[in-house]
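Here are my notes on this one, for when you have a minute with the viewer open.

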Amino acid sequence: MLAARLRDAFQVRADEVAAVLWAALTHGAILMSYYLLRPVRDALVLDGDPAFIPWLFTATFVAMLAIAPPWGALVARVPRGRLVAFVHRSFAVQLIGFAAVMGAGVAPVVVGKIFYVWLSVMNLFGVSVFWSLCADLIRPEGGRRLFGPIAAGGTAGALLGPFVARLLAHHVEPAVLLVLAAVLLEGAVWSARALTRRVPSATPVTTGLGGSAWEGLPRVLASPYLAGIAGYALCAACLATFVYLQQAGIVKAALPDRGARTAFFANVELITGLATIVLQLVVTSRLLRWLGVGVVLAILPVVQGAGVAALVVAPSLAMATAVSASGRAATHALSRPSRELLFTALPRDDKYRAKNVIDTLVYRFGDFGSAWLHRGLGALGVMIAAVAVPLAAAWVGLAVALGIGHRRRTRDEAPR
């Protein structure tokens, strides 16, 4: 029954159903782990001063720079199946270490800041390597049909994670949630292994990509198409950071209790997840088929630009919830699957090396730069919306250009 409904709703062929289900399950486990931890992270960091958050973004970007060479070397030498297992199992082990330190009550404010940086880094690498695997296994024509339901599986996990966090926020210590998140990452490893065995006509890859650890960065700089994707990621990071910082100030002032803050952030995640999964199940695949990737990519800039303006004009917990949830729902349901579809038109090297540079270094540079831009604009008395709205307009133009580039690269592809 489930397989039949999946085929009817998303035009999934019979030989693709198992692969889509395993991919959705893998994505769901990864995002459930992250969204179980995100309310904990955001609540812990507000034990301190929200004005310190730009420094945490700076530390995250520095950590990305430090990790980039060993990460590039890992991608160059480890086959795709082993890469997914290595990444998520290493994160699970590190989570157990954090759980032990938090359970012992060691320097909670300092550990909270370190955990904030670690989770911000881990999330991008973990999600990026999953989508690299999907872009490697699935061709562009299949991606237009299949990335919607695969993303919906992730959203189901993104719903369950904050639901569990909200349920347990007042009853267990954060360390318990960290152990549960580690178990979920191990589950993702096993489902990813099943995925690679069930993709129709997938060829096994038993060697790494080879080459230099830094090879992804010059690839991005040398290709207008990849540079455009990087520019899109920078715009997304900038406006998302503006929303996040505005929200942090509102929540810190309104909710002094850590448990209340954890519950608030979990509620935002739940609303986001519900909106996202409705869009993914009903809208995403249809819009990609009817309007094309460029138009779908252009929806997020409109939502984020309007959201920042609304949050500046009418700051409140309710507005923070609405703006954060709508922007992130558009990101996860529309922008993310569309942006991943852009990579299906690229060679395998770019699907791993260049893609991971964009998903990690470029995105966190956007966080870092826009956090300090936000502070600088505030110090100068410049309204944030005065920068956000023109940036959103330019972002729309970039989205349309990327859609045209993708269509040119895939116009000769015959459907499988």
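1. Ground rules. This is a predicted model, in which local features need pLDDT of at least 70 and side-chain atom pairs count only at pLDDT 80 or more, while totals for chains, interfaces and linings use all residues. Residues are numbered from 1 along each chain as its sequence is written, and side-chain values use heavy atoms, with hydrogens and water left out.

2. Overall make-up. The protein chain has 15 helices and zero strands; helices (H or I, at least four residues) and strands (E, at least two) are DSSP runs, numbered from the N terminus. Buried residues account for 57% of the 416 residues, where buried means under 20% relative accessible area, exposed over 50% and partly exposed in between (1.4 Å probe, protein chains only).

3. Surface and contacts. The chain exposes about 16,100 Å², with carbon and sulfur atoms supplying 70% of it; the areas come from the Shrake-Rupley method with a 1.4 Å probe, and for residues only the protein chains shown count as cover. Among contacts (heavy atoms within 4.5 Å) between residues at least 6 apart in sequence, 87% join residues at least 24 apart.

4. Cores. A nonpolar core here is a set of buried Ala, Val, Leu, Ile, Met, Phe, Trp, Tyr and Cys residues joined through side-chain atoms within 4.5 Å. The largest has 116 residues, and Leu95, Phe115 and Ile150 have the most contacts inside it. Helix α5 (residues 108-137) gives the most to this core, with 18 residues. A second, separate core of five residues includes Val251, Leu255, Phe265 and Val268.

5. Cavities. On a 1 Å grid over the protein atoms alone, a cavity is a set of points where a 1.4 Å probe fits but cannot get out, and lining residues have an atom within 4 Å of a point. Grid points are joined across faces, edges and corners, and a volume is the space filled by probe spheres set on the points. There are seven cavities of 30 Å³ or more. About 820 Å³ lies in the largest cavity, which is lined by 42 residues, with Arg38, Arg328, Thr331, His332 and Tyr363 nearest its centre. Among the elements giving two or more residues to that lining are α2 (17-45), α6 (140-168) and α13 (317-343).

6. Glutamate 340 is in helix α13 and is buried, with a relative accessible area of 0%. Leaving aside neighbours within four places in sequence, Glu340 contacts Trp131, Phe147 and Lys355. Aspartate 367, in helix α14 (residues 348-380), counts as buried because its relative accessibility is 6%. With the four-place exclusion again, Asp367 contacts Phe57, Ala237 and Thr241.

7. Alanine 266. Ala266 sits in helix α10 (residues 258-290) and is buried at 0% relative accessibility. Its C-alpha atom is 5.5 Å from that of arginine 166, 100 residues apart along the chain. Not counting residues up to four places away, Ala266 touches Pro39, Pro162 and Arg166.

8. Helix α15. At 1.5 Å a residue, the 26 residues of α15 (residues 385-410) should span 38 Å, and the end C-alpha atoms are 37 Å apart, which agrees; the expected span is 1.5 Å times one less than the number of residues. Its buried residues include Trp395, Leu402 and His406.

Methods:
1 Å grid on protein atoms, 1.4 Å probe; cavity = no way out; pocket = protein on both sides within 12 Å on 5 of 7 lines; lining within 4 Å.
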